[in-house]
Amino acid sequence: MQRGIIARLVALMTAAMRGEVTWLRYLLASIIALLTDTGLFMLLFHMGMAAVMASAIGYCTGIAVHWLISSRTVFAENAAARGTGQRNAQKALFVGSALVGLAITMAIVGAADMAGFDPRLAKLAAIIVSFQATYMLRRHVVFRA
């Protein structure tokens with residue numbers, strides 16, 4: 001069963017990558033947002049902030065960075081004009097897609113941990129699955145053509 005899911009995920013990612021510059025730009029935006037999230041978390045945590053607060057601030061900042069990059073470079077051709085109701089709706093949908101990614105991550109890591117798997121490997125799998133899920137949501141729902 002797990003091999004079937006992994007094979008489908010690989011096939012989906014391969015299809016998305018085939019000649020698709022948007023997917024590659026999204027990958028880069030995601031890496032930058034993840035580095036922002038993690039870097040800010042580490043900075044705040046090492047400055048003495050509680051881990052949960054540092055994590056929340058890092059995550060929210062990562063979402064903001066991802067929005068800025070996505071709306072200005074990755075999906076710029078389908079981004080609504082600034083200051084419009086449609087742009088605000090896109091922002092709300094973008095945050096909603098981030099929450100879907102968070103829920104997927106929590107579900108995968110939680111289930112794997114309960115099943116006795118290494119949570120670090122589960123987190124890695126969750127990053128891959130939530131990355132593809134949020135890409136599809138953002139491409140086909142948030143910034144639909």
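A: Let's begin just after H2, where Gly48 takes a positive phi of about 105 degrees. This is a predicted model, in which local features need pLDDT of at least 70, side-chain atom pairs need 80 or more, and totals for chains, interfaces and linings use all residues. Numbering runs from 1 along each chain as its sequence is written, and side-chain values use heavy atoms, without hydrogens or water.

Which residues of H2 are buried? They are Thr22, Trp23, Tyr26, Ala29, Ser30, Ala33, Asp37 and Leu44, where buried means under 20% relative accessible area with a 1.4 Å probe, protein chains only.

H2 also lines the largest pocket, giving the largest share of its lining, 9 residues. H3 (51-74), H4 (85-114) and H5 (119-142), like H2, each supply at least two lining residues. About 840 Å³ of space lies in this pocket. Of its 27 lining residues, Leu34, Asp37, Tyr59, Ile127 and Ser130 are the closest to its centre. Asp37, then, is among the buried residues of H2 and also among those closest to the pocket centre. A pocket is an open set of points on a 1 Å grid where a 1.4 Å probe fits, with protein on both sides within 12 Å along at least five of seven lines; lining residues have an atom within 4 Å of a point.

Methods:
Buried < 20%, exposed > 50% of the residue type's maximum accessible area, 1.4 Å probe, protein only. Helix = DSSP H or I, 4+ residues; strand = E, 2+ residues; numbered from the N terminus. Points joined across faces, edges and corners; volume = space filled by probe spheres on them.
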